[in-house]
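We will go from stop to stop, selecting as we go.

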Amino acid sequence: QVLLVETGGGLVQAGGSLRLSCAASGGAFSRYSMAWFRQAPAKEREFVAAINRSGLSTWYADSVKGRFIISRNNIKNTSYLQMDSLKIEDTAVYYCAAARVDGGVVVTGAVDYWGQGTQVTVSS
C-alpha cells in the first residue's frame with residue numbers, strides 16, 4: 001500500500017506560480033511512474049503530467065505544456081509539479097497518482113494509488 005500526500009496548493013493570481021509536492025510512503029517509490037491529474041467542478045478528472053520511474057522522461061497535456069514541469073526525487077520519495085504562468089482555467093483539485101506502468105501518458109484506469117487532492121485556485 002502506497003500513501004500519497006499532496007501539499008502546496010492554494011490561491012494565486014493569474015500569471016503566478018505554485019509548486020505542488022507529493023510525498024509517498026509505504027512502498028517502493030522508484031517502482032512507480034508518477035503523475036498529476038486535475039479535476040475542475042463538473043468536469044472529469046484529466047491527465048496533467050507524468051514522469052517515468054527513473055525521472056528521465058516526462059509527458060504533458062497540451063494545455064500545460066511549456067508552463068508546468070513534473071519532476072521526482074527517488075531519494076526523498078517525492079514528486080513535484082512546478083506550475084508557472086498559471087491561468088484561471090488551471091483552477092482545479094490536483095491529484096497525485098502512482099502507476100506501475102513505466103512511461104507514457106497515464107490514464108486514470110492505470111493508476112494504482114491516488115492522493116487526497118489539493119485545491120489550486122487561480123484568480124484574475
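Select glutamate 6 and its surroundings. Glutamate 6 touches Ser21, Cys22, Trp36, Tyr94, Tyr95, Cys96, Gly115, Gln116, Gly117 and Thr118, leaving aside residues up to four places away in sequence. Contact here means heavy atoms within 4.5 Å.

A word on the source: this is a predicted model, where local features need pLDDT of at least 70, side-chain atom pairs count only at pLDDT 80 or more, and totals for chains, interfaces and linings use all residues. Residues are numbered from 1 along each chain as its sequence is written, and side-chain values use heavy atoms, with hydrogens and water left out.

Stay on glutamate 6. It is found in strand E1, residues 3–7. Strands (E, at least two residues) are DSSP runs, numbered from the N terminus. Is glutamate 6 buried or exposed? Glutamate 6 is buried. Buried means under 20% relative accessible area, exposed over 50%, and partly exposed in between (1.4 Å probe, protein chains only).

Glutamate 6 has no salt bridge. That would take a side-chain nitrogen of Lys or Arg within 4 Å of a carboxyl oxygen of Asp or Glu. The nearest side chain of opposite charge is arginine 45, 7.6 Å away. Lys and Arg count as positive, Asp and Glu as negative; His and the chain ends are not counted.

Now show the backbone nitrogens. That of cysteine 96 lies 2.7 Å from a polar atom of the glutamate 6 side chain. For the backbone nitrogen of glutamine 116, the distance to a polar atom of that side chain is 3.0 Å.

Next, the rings. How many aromatic pairs does a search of the whole structure find? It finds 4. Rings of Phe, Tyr and Trp (its six-membered ring) pair if their centres lie within 6.5 Å; planes under 30 degrees apart count as stacked, over 60 as edge-to-face and the rest as tilted.

Select tyrosine 32 and tyrosine 113. They form an edge-to-face pair, 5.9 Å centre to centre, with 75 degrees between the planes. Tyrosine 32 lies in the loop between strands E3 (18–25) and E4 (33–39), and tyrosine 113 in strand E10 (residues 113–114), so the pair ties together parts 81 residues apart in sequence.

Move to arginine 45 again. Its charged end sits over the ring of tryptophan 114, 4.6 Å from the centre. This label needs NZ of Lys or CZ of Arg within 6 Å of the ring centre and within 35 degrees of the ring normal. Last stop: arginine 72, whose charged end sits over the ring of phenylalanine 29, 4.4 Å from its centre.

Conventions. Helices (H or I, at least four residues) and strands (E, at least two) are DSSP runs, numbered from the N terminus. A polar contact is a pair of N or O atoms within 3.5 Å; within protein, one must be able to donate a hydrogen and the other to accept it, and residues adjacent in sequence count only if both atoms are side-chain atoms.
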